Amino acid sequence: MDTCNSNPNDTSTNNITSFEGASASSSSSLASTAATTSHYENQKRHDWNTFDQYLKNQRPPLSLSTCSGAHVLEFLRYLDQFGKTKVHTSICPFYGYPYPRGPCPCPLRQAWGSLDTVIGRLRAAFVENGGRP
């Protein structure tokens, strides 16, 4: 916030403005932290339920106790098909161009950061649901 002060030695207005801004910022960050935690918990529950449903849809259905790391990797490959990041193949005319000039048949994939986040949430949910850390 810009303030205009006719006396350069008088900082009382600036101090009040700074104090008010700091308290507003502090309460805003607390509300933001609560909303972020809630959003994270919702996403974690959603990821866990999606993984559980994925296991149940396997033939034969899998329980968590019979699930292996290979099943988790298969689940991540399954999620990969719902990504929004265009991955150009080496034979694509737009390969290497960040902003292609037109459409191409290259696949959409999950961004690495998205998959990494899902892995973190699944790990946390696994521990909360009785799994070993």
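The questions and answers below set values against definitions.

Student: What kind of model is this, and how are residues numbered?

Tutor: This is a predicted model, in which local features need pLDDT of at least 70, side-chain atom pairs count only at pLDDT 80 or more, and totals for chains, interfaces and linings use all residues. Residues are numbered from 1 along each chain as its sequence is written, and side-chain values use heavy atoms, with hydrogens and water left out.

Student: Which elements does the protein have, and what makes a run a helix or a strand?

Tutor: The protein has 3 helices and 2 strands, in the order α-α-β-β-α from the N terminus. Both are DSSP runs numbered from the N terminus: helices are H or I with at least four residues, strands are E with at least two.

Student: How confident is the predictor?

Tutor: The average pLDDT, the predictor's confidence in each residue from 0 to 100, is 78 for the protein, and 73% of the residues score at least 70. Over residues 1-26 pLDDT stays under 50, and the model has 6 contacts (heavy atoms within 4.5 Å) beyond four places in sequence for them.

Student: Why is Cys 92 called buried?

Tutor: Buried means under 20% relative accessible area, exposed over 50%, and partly exposed in between, using a 1.4 Å probe and protein chains only. Cys 92 has 8% relative accessibility, so Cys 92 counts as buried. Cys 104, with a relative accessible area of 15%, is therefore buried as well. Of the 133 residues of the protein, 19% are buried.

Student: Where is Leu 64, and is it buried, partly exposed or exposed?

Tutor: Leu 64 sits in the loop between helix 1 (12-56) and helix 2 (69-80). Its relative accessible area is 32%, so Leu 64 is partly exposed.
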